[in-house]
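Me: Hi! Could you walk me through some strands in this one?
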Amino acid sequence: MSDTDNDQLLPLILDIGCNNFRMGWAGGDFPDIIAPSVYVDISDYLFKSDIINGLGDIFLNTNTQAHLVGHDALKYKSILKIREFRKENNYNILLKFFYHYYQQLNISEELRFKQPIIIITPFYKSELEKTKLQEIYFNLLNFPYLLFLSESQAILSTLQKSSGVIVNIGESNTYISTIFHGFTNIMARDMFPITGKDLTSYLLNLILSKIGAIKNIYLDIAITKEIKERLSLCILDPTGENKRVKEGLTKYDRIVDLPDGTKLKLNSERFLLSEPLFNPKIIHVDYIGLAEAISKVIKTWDRENWEELLSNVILSGGSSLIPGLSERLKVELQKYFSEKLKNKIKVVAASGRENMGWIGASILYSKNQLKKGWLNNPNLQDPDQEQNDQTSSQNELK
Ligand SMILES: Nc1ncnc2c1ncn2[C@@H]1O[C@H](COP(=O)(O)OP(=O)(O)OP(=O)(O)O)[C@@H](O)[C@H]1O
Ligand SMILES: [Mg+2]
């Protein structure tokens, strides 16, 4: 792959998450585009303008597309089902989604589809999924180069360290992985079963059981998710504080204005919602807590490496934004290590950690550390030479 002075030929870094799609130019500080990984299917639309005159125009304007994606899709959240293409593994929509946001980068016509693509890849991404992505970016879109970059490696690079434990808590996936002096160990990692969406569902349950029979409010998962992102907490003594709230402590009280105009008072739910991370059995998942899972992953390495790993426990992903999480995790981790090692534990919660994989990839590119592992588009004789004009499949997307 050749280096370039043209900004529009820099690699594009993509993080295709279940909740957020992030895309931007390598070398940048922040993704240029962060969009919700959702779409709506216009055929779900219940109202036809001929049923109630004018209604179709009000809601759907003159749009003739079969699907709307990302921010455009969310505008219709009150009338159409919001679908999540990553959770559905819907690659046709992924293609449309990518194309929609790629156009927003305002790349000049002659440079379109000529950038190298870097795809942030968590370790659990299957070979089949990678093959499917190659099909999209090489066969359908005809980009010249593709790099599947380890998300853990990217996250670790943001700290300028070569060893660490990465704890990434996203929307549909939570994982723990370790890198020691640049080496990974496939035995020393774990898919932890509690994720952001589980915490949202649990908060919804907590709220519904609190309001009990008085069902005069409308609350769904999307509204609950917004509440969670605004008000979630993680505290050191949830049992004690829950008791104190019941006895009249008002410190955690918050009034939420719901979209239907009603008001909802929250208090202990704010911190109880994060407890399944420390005890998955609360939501009937038979698994150890996050701290114990991290300790087991660390203990897969030789004992002399534990100290270095423990002093670099790195939180990343949107769900790691819960205030207080790093402090609580540190205290919980202490239970699994000796007096000497307890003092070495450091849980890093860097700002911008919700985009850490993307930012790390950009840092690695800036430091010239992404030289290896690139795949060449087999359809192009010499990808460094001028590419053919866009293929017919690209034209179909327009
Ligand atoms: N301030 C916050 N407090 C708690 N949770 C939050 C906050 N902000 C975002 N989240 C949660 O973070 C999750 C999204 O995280 P992230 O963007 O890392 O996921 P993703 O990369 O799209 O998904 P995945 O990695 O699972 O494929 C959602 O569950 C969201 O509700
Ligand atoms: Mg993610």
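Me: How do E1 and E2 pair, parallel or antiparallel?
Reply: Strand E1 and strand E2 (residues 20-25) are antiparallel partners over five bridges; strands here are DSSP runs of E, at least two residues, and helices are runs of H or I, at least four, numbered from the N terminus. Two strands count as paired if DSSP finds at least two bridges between them. This is a predicted model, where local features need pLDDT of at least 70 and side-chain atom pairs 80 or more, while totals for chains, interfaces and linings use all residues. Residues are numbered from 1 along each chain as its sequence is written, chains are lettered from A and ligands numbered from 1 in written order, and side-chain values use heavy atoms, leaving out hydrogens and water.

Me: Thanks! What joins E1 to E2?
Reply: A hairpin does, through three residues. Ile13 stands opposite Gly24 in E2.

Me: And which residue is the bridge partner of Leu12 in E6?
Reply: That is Ile117. E1 pairs with strand E6 (residues 117-121) in the parallel sense, over three bridges.

Me: Why is E1 largely enclosed?
Reply: Five of the five residues of E1 (residues 12-16) are buried, so the rest of the structure largely encloses it. Buried means under 20% relative accessible area, with exposed over 50% and partly exposed in between (1.4 Å probe, protein chains only). Leu12, Leu14 and Ile16 are buried on one side, Ile13 and Asp15 on the other.

Me: New topic: what's the strand order in the open sheet of five?
Reply: The order is E10-E9-E8-E13-E14, with mixed pairing. Its edge strands are E10 (183-192) and E14 (347-348), each pairing on one side only.
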